[in-house]
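I will go from whole chains to single residues.

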Amino acid sequence: MNAVGFLNYWFVVVLMMIGFYILIAQGNLVKKIIGLNIFQTSVFILYISMGKIEGATAPILNSNWSVYSNPLPHVLILTAIVVGVATSALGLSLVVRIHEAYGSVEEDQINEMDRSV
Amino acid sequence: MSYSQILCLIVIIPFIGAGLILLSGKYPNLRDSLGLLIAAVLCGTVYQLVEPLRKGYSTEVTLLEVTSGITLGLSVEPLGLLFALVASFLWIVTGLYAIGYMRSHQEENQTRFFACFAIAIGGTMGVSFSSNLFTLFAFYELLTLCTFPLVTHHGTNEAKKAGRLYLGILLSTSIGLQLLAIIWTWNLAGTLDFKENGILSGTASNTVLSVLIVMFVFGVGKAAVMPFHRWLPAAMVAPTPVSALLHAVAVVKVGVFTILKVAIYIFGLETLAELGSTPWLRWIVAATIILGSLVAFTKDNLKARLAYSTISQLSYIVLAALLANEFAIIGGGMHIAMHAFGKITLFFAAGAVLVATHKTDISDMRGLGRQMPLTFGAFLVGSLSIIGVPPAGGAWSKWFLGLGTIEAGEQGLLAVLMLSSLLSLVYLLEVPIRAFFSSPDGGQENVGIKEAPWPCLLAMGISSGMTMGLFLFPDFLYEMMRMVFSP
Amino acid sequence: MEDNVILRVATKILTPYILLFALYVQFHGDYGPGGGFQAGVIFASGFVLYTLIYGLETARLVLPLRVASLCGALGVLIYAGVGIATMILGGEFLDYDYLNSHDAEHGQHLGILLVELGVLTTVFGVMVVIFYSFAGRREAK
Amino acid sequence: MMSHLPVLQVIVPLLAAPLCALVRHGRTAWAIAVASSWVSLWMAWKIFQLVQADGAISYNLGGWPAPIGIEYKIDALSAFVLIIVTLVGAVVTPYALKSVGREVGTSREALFYAAFLLCLSGLLGIVVTGDMFNVFVFLEISSLSAYALIALGRDRRALTASYQYLIMGSVGATFIVIGIGMLYVMTGSLNMADLAILLPELPSNRTIPVAFAFLSVGVCLKLALFPLHMWLPNAYAYAPSAVTAFIASTATKVAIYMLLRFFFTVFGVHFSFSEMQLGIILLPLSLIAIFSMSLVAIFQTNVKRMLAYSSLAQIGYIILGISFFSNTGLTAGILHLFNHAIIKGSLFMALGCVMYRLNSVELENMRGLGKKMPLTMGAFMVGGFSLIGVPFTAGFVSKWYLIQGAIEKGLWPVALLILMTSLMAVVYIWRVVESVYFSEFDESQNDDCTEAPLGLLLPTWALALLCLYFGINATLTTSGASLAAANLLRIGS
């Protein structure tokens, strides 16, 4: 096994770290959500790529093929995507509300306002 | 009514009393007479149990089982019955005294005061009749919590500070050490029941049990063994009836009673005597005896002096438990009663002085004896009992304690007892001597000072009478304590 | 964008096809790629497009917010209702075999179709509600 | 009917949620919520009895047998946790009528109950299911609705708290998915029982420990174990009272259930505690949690926040019990799951009553409240004493077992530390006692302050009385917990 054989995993790891970094380093609430999305996307890729079998086709019954990719991870990740969408929607709506309440979406400014109360 | 029902009733009566007191709070006369009535009923009920015990019936009730093996149970044994008798009897006397004291002092929140008082007595009853360590611990904690409002009764900052110290020491010792010791005991013995000859013998090495007894002695903070004694002087901010009954009788005696119980029924005297740490502990306790007396010297505030005297006297009983022989235990048990009557008399007198003259310092009491002969006469009787000379009851318990030290081969401790008696002679008798034989500062007469209200005087009369009576008729106490060893 | 004729006309033409395609994805779902999730999103995207071009006001006339959120709740009810139905018919929860007393396979087809319909309704409803809420925010202020 | 109980347990609140959203009328939605939560409690009780009598129940969704289809599996532990969740749910919903009406506003009431029921069904789903991925789905259902519920708080800080929780919670959930994915890659199965068989057979490799690590961190984030707890205090402090009472008593408990499930059932005791040395990690973390969080709690001025920190310490106790991985320790942990749920439930509900009258739960504003709201504060005291672990309250029983577990393992300093931190609990509860009972009420600030309405008091006292009852007669809870513990250890070994 060489590093190239794990190419998909490398992508996953890089994406995951990018997302995670944004999540931690960014003070902007919207950007945090974007980071979260990237983070979650890396997991989607992890799942989808592991269902792939070399030389196999899409899991639709066809008399010409005998090897199919595993459809289960796709189904699972479909659910995870929906969850991700819901999370983003909820997160963004919170950001909108926060913006209305504080007039800012920068974390440090918000903390400053909370502290001064 | 069966004896076990009586037993349950004893623990419940004070709580019913507390409820009645709360309900009748709007009518002070009704409330106070109800309080006295309940105290009398309680004392009478407790006395009902003496006969069956003499005849050798064993009375036991298991009220409920919390989880397997941990039960709330009550049982009658001589030491507990003796303690319950003393406490319930003195409740009547103190109740009488408190009415006079609280009213003439025009204290606030009297209803809360009397209700908490009743609950405290309930806790004391629970402790004295508990049949296992868990029950004992539960009532012990109840007592701690319900006396807090009594200590902080005045609501001043000083009272609150004292209350925090009180609660802090009592809770931290009981939870930090005592509870741990109890759970450890449970782990070793698989039971927490009080049994003859103990439950711990042979369950663990001498070292482990040595540590355990140390945890018990210091974990029972109510016994006020130094260095966990600070709460007792702090608690003196409370109204005098509280100091009198709770901090000279109920609460502190619950502490030493617990240690006696643990010594006799958890460790067993034989096991205890052989432990490696016991000799050390004896001397630590002896140090408390001496130091307590010495500190008492330095206190000019009468109640503070009495408090340190109590610390010193309590350690007599702890010492008795640690000497772990028959004489010492008999002496310790009797001292619970003797010290109770003596010290309560002293506190009554101190409170009476406070009510009549608003004076708390001994140096201000010169010449007061002429205006308040009865009060200081009672004080004298109480002092004699604490010192341990006839014609007061304290002589007997000290006699047996002395025998106990010799039996244990600790002549040094006998010397400690004697020295402490001498010290108490000086610091206690100073008060009546000043009152009777010196004249007030600057030659002024104490004008317009009269004796305290009659309920206070009556209470003092009863308690000092009992103190002397117990010198003449100690048989009952002796008989009860004998029963510990020959049921 | 309401004054851009090309967009308006294109939208008018496109919207029905988007909706139709959504239905295709939905009904094709039980034996090909597709299903309720995708169909729901596509269905909703038709309305999103419509709203973008014709404005929120007009879109709300076509599809009131109430109806959309009702769809969101209704879909869950359809889904769970199918499950309850199978239980009443004697199977376990969502055991479609029991939906058709003669042929278990027909039951399977019916069941998956109904469940996916529930999913479609919910996803469509929720998507539209989310879009309306965000889009309507500026107005509300 | 009886055989469908496992799935109905989830479906009933799940069905009731859209109904609430459909009716849009606050009262009706409330009635639906109450009815469904009570039915849930009844079903949980039935399941509990069934499991106690005949052992684990299994239910195949859609009639597909276990490793292929999703299996719902209820053993002694799940049944026990089901009782916790449904009990708190059934008590909080009646309480919500007044409390939520005041704090959230009538216009959003119906949607509140919909979210509440979704959260309930999500939590129940996690407990019921025997499928790894299903756990994640239900976890997200409950979490998303919990974020929404928390954001309904009146203070604007509720929004930031909810946001914080959302970010942390999503990261935690994503970690869990990654862990599950890795397990799936290695075994090709998502069924917990199946995994438990397949995992030990695998040749030693690095993927499983990594999956283990991801799952541990994810779950510990969800259950707010120190140092992954930052989201919790604000979320609890600024959420509406009814929500705090519900989330505090159930959400973290269910997360702890996940931890038990993953580590004991799926990975097995041997792998988790011998190979991965989980005990050595959890023990110090939980001790730090107990100690530091109790310390922080002492210095809080907002009582709700204080209790939130105390919750973190109590979670530490539970994890501590688990880290002993002995029968007694586990029993203590599981027992405390239940006891802490009812204790914190009653405490937070009592605070909700205070909030209803005073609009504040700052310690300063609660001075002298003991005279104005004797019943409310009475319930608070029952809960508080139970938290300390006074004898004859539920808290004492769990502490008893916990210390017993520590002594059995020979961990003396730990036993001592447990008792010392109980004393810290005394300090922070006593601060409230002093201010409430031994200070004078400030009449100028709120002169029409009276006892809370019956609709709030009854549920509060229901839980408070349970605290007392399970302190006096703990047979039911201890037998349930020890059976669950024994099951976990047997499956694991």
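Below are my entries, grouped by topic.

**Entry 1: what I am looking at**

I note at the start that this is a predicted model. I keep that in mind for every value I write down.

**Entry 2: which chains touch**

I went through the pairs of chains. There are 4 pairs in contact, and chains A and D share the most contacts among them. I then looked for pairs that stay apart. Chain A and chain B have no contact, and their closest C-alpha atoms are 30 Å apart. Chain B and chain C do not touch either; here the nearest C-alpha atoms lie 40 Å apart.

**Entry 3: the contact of chains A and D**

I looked up who takes part. Chain D brings 22 residues and chain A brings 25 residues. On the chain D side, α5 (132–151) and α6 (157–187) are the elements that give two or more residues. Which of them gives the largest share? I found that α6(D) does, with 14 residues. Sorted by class, this side of chain D holds 14 nonpolar, 5 polar and 3 charged residues.

**Entry 4: chain C**

I turned to chain C. It has 4 helices and 0 strands. Its pattern along the sequence reads α-α-α-α. Its C-alpha atoms fill a box of roughly 55 × 30 × 20 Å along the principal axes. Chain C has 141 residues, and 43% of them count as buried. I also checked its contacts between residues at least 6 apart in sequence: 63% join residues at least 24 apart.

Chain C also meets chain D. I found 14 residues of chain C in contact with 13 residues of chain D. The chain C side has 8 nonpolar, 3 polar and 3 charged residues.

**Entry 5: a hairpin in chain B**

I looked at strand β1 (residues 60–67) of chain B. It pairs with β2(B) in the antiparallel sense, over 6 bridges. E60(B) stands opposite S75(B) in β2(B). The two strands form a hairpin with 2 residues between them. In the turn, G69(B) has a positive phi of about 90°.

**Entry 6: two helices packed in chain B**

I picked α13 (residues 302–323) and α17 (residues 394–407) of chain B. They pack at an angle of about 35°, and their axes are 10 Å apart. The crossing of α13(B) past α17(B) is left-handed. Y316(B), A320(B) and L323(B) in α13(B) meet L401(B), G404(B) and T405(B) in α17(B). This contact has 4 nonpolar, 2 polar and no charged residues.

**Entry 7: the nonpolar core**

I looked up the largest nonpolar core. It has 486 residues. Those with the most contacts inside it include I259(B), F348(B) and Y113(D). Helix α10 (residues 240–267) of chain B gives the most to this core, with 20 residues. A general point I wrote beside this: in soluble globular proteins, nonpolar side chains tend to be buried together.

I followed Y113(D). Beyond its neighbours within four places in sequence, Y113(D) is in contact with C20(D), A29(D), W30(D), I32(D) and A33(D).

**Entry 8: A337(B)**

I found A337(B) in helix α14 (residues 326–357) of chain B. Is A337(B) buried or exposed? It counts as buried, because it has 29 C-beta neighbours inside 10 Å, and 20 or more are needed. Setting aside neighbours within four places in sequence, A337(B) is in contact with L82(B), V86(B), L470(B) and L477(B). A337(B) and G394(B) are 57 residues apart in sequence, yet 8.9 Å apart in space, C-alpha to C-alpha.

I searched for cis peptide bonds. One joins M226(B) and P227(B), with omega about 10°. P227(B) is in the loop between α8 (206–219) and α9 (231–234) of chain B. In chain D, the bond from F226(D) to P227(D) is cis, with omega near 0°. P227(D) lies in the loop between α8 (207–222) and α9 (232–238) of chain D.

A324(B) has a phi of about 55°, and A324(B) sits in the loop between α13 and α14 of chain B. A324(B) is buried, with 24 other C-beta atoms within 10 Å. For F325(D), phi is near 35°. F325(D) is in the loop between α13 (303–323) and α14 (327–358) of chain D. F325(D) is buried, with 24 other C-beta atoms within 10 Å.

Methods. Residues numbered from 1 in each chain as written. Chains lettered and ligands numbered in written order. Predicted model: local features only at pLDDT ≥ 70, side-chain atom pairs only at ≥ 80, totals over all residues. Contact = placed C-beta atoms within 7 Å. Nonpolar A, V, L, I, M, F, W, Y, C, P; charged D, E, K, R; others polar. Pairing = 2+ DSSP bridges. Axes fitted to C-alpha atoms, helices over the stretch in contact; angles between N-to-C directions. Left-handed = near helix turned anticlockwise from the far one by under 90°. Core = buried A, V, L, I, M, F, W, Y, C linked by C-beta atoms within 7 Å. Buried ≥ 20, exposed ≤ 12 C-beta atoms within 10 Å, placed from the backbone.
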